[in-house]
Amino acid sequence: MIIDKKGRLFGKVSIIDVLAIALVIAVAVFVGVKFKKSNTGSPFVQKEDKIQIVYQIDELRDFVADELKIGDPARESVHKASFGNVVDIKREKSISWVRTDQGKIIKSSKEGYSCVYITMEGTGTYGNNGVTIGSGEYFIGQSIVLNIGKTQIYGKIYDMKKIG
């Protein structure tokens, strides 16, 4: 006989124990199904745009500027946001601001330094209030530190636009 006089299954486990185990399994399955993450995309996630960011460094030592290469990856150092890859590098005379003997501040340049404009293309969410890349928000005129290739440079965002 499967159930004995004391209500035990095969003389070992009581029916109450079997029902309790079945109830625990049923609850676990229900909770698992209820809180399972959906494989469909959220309708609230914004699609990323292809963006172009121009970064300006007024005074960059020439030996550092020589290390910048087209195709180098660019990452912002605080949020580790990827600005994509370098697509253009433009060098000009450095921009230095000096005070004259008369107390006026004039634009000048420094030997051994260059003003560098670095154009990068990557992805982010472009909006009326700047660009969001990863967890960081970026704006024209904002000063940031970028790691480009094997260099680390400090400058400001000169321009940004949505492309494509």
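## Salt bridges across the chain

The side chains of Lys-156 and Asp-58 come together in a salt bridge, at 3.2 Å from N to O; the term is used when a side-chain nitrogen of Lys or Arg lies within 4 Å of a carboxyl oxygen of Asp or Glu. This pair links distant parts of the chain, with Lys-156 in strand 12 and Asp-58 in strand 3, 98 residues apart. Lys-156 is partly exposed at 26% relative accessibility, and Asp-58 is partly exposed at 21%. Here buried means under 20% relative accessible area, exposed over 50% and partly exposed in between, with a 1.4 Å probe and protein chains only. Strands (E, at least two residues) and helices (H or I, at least four) are DSSP runs, numbered from the N terminus.

By this rule the salt bridges number 8. Another of them joins Lys-50 to Glu-121, whose closest N and O atoms are 3.9 Å apart. Lys-50 belongs to strand 3 and Glu-121 to strand 8, so this pair ties together parts that are 71 residues apart in sequence. Both ends are partly exposed: Lys-50 has a relative accessible area of 45%, and Glu-121 has 26%. Arg-91 and Asp-66 also meet through their side chains in a salt bridge, at 2.7 Å from N to O. Arg-91 sits in strand 5 and Asp-66 in the loop between helix 2 and strand 4 (73–76), so the pair ties together parts 25 residues apart in sequence.

## About the model and the fold

Please keep in mind that this is a predicted model: local features need pLDDT of at least 70, side-chain atom pairs count only at pLDDT 80 or more, and totals for chains, interfaces and linings use all residues. Residues are numbered from 1 along each chain as its sequence is written, and side-chain values use heavy atoms, with hydrogens and water left out.

The chain has 2 helices and 12 strands, and along the sequence they follow the pattern β-β-α-β-α-β-β-β-β-β-β-β-β-β. Of its 164 residues, 29% count as buried. Among contacts (heavy atoms within 4.5 Å) with a separation of 6 or more, 64% are between residues 24 or more positions apart.

## The nonpolar core

A nonpolar core is a set of buried Ala, Val, Leu, Ile, Met, Phe, Trp, Tyr and Cys residues joined through side-chain atoms within 4.5 Å. The largest one here has 24 residues, and those with the most contacts inside it are Phe-83, Ile-118, Met-120, Ile-148 and Ile-153. Several elements each supply at least two residues, including helix 2 (62–65), strand 5 (82–93) and strand 8 (113–127). Strand 3 gives the most, with 5 residues.

Beyond its neighbours within four places in sequence, Met-120 is in contact with residues including Ile-51, Ile-53, Tyr-55, Phe-83, Val-87, Leu-146 and Ile-148. Val-87 is in strand 5 and is partly exposed, with a relative accessible area of 34%. Leaving out residues up to four places away in sequence, Val-87 touches Ile-70, Thr-119, Met-120 and Glu-121. Val-87 and Gly-71 are 16 residues apart in sequence, with 6.2 Å between their C-alpha atoms.

## Aromatic pairs

Rings of Phe, Tyr and Trp (its six-membered ring) pair if their centres lie within 6.5 Å; planes under 30 degrees apart count as stacked, over 60 as edge-to-face and the rest as tilted. This rule gives 2 aromatic pairs. Phe-83 and Tyr-138 form an edge-to-face pair, 5.0 Å centre to centre with 75° between the planes. That pair links distant parts of the chain, as Phe-83 is in strand 5 and Tyr-138 in strand 10 (residues 136–138), 55 residues apart. Phe-83 and Tyr-138 are both buried.

The rings of Tyr-117 and Tyr-158 have centres 5.1 Å apart and planes at 70°, so this pair is edge-to-face. Tyr-117 lies in strand 8 and Tyr-158 in strand 12, so the pair ties together parts 41 residues apart in sequence. Tyr-117 is buried at 13% relative accessible area, whereas Tyr-158 is partly exposed at 46%.
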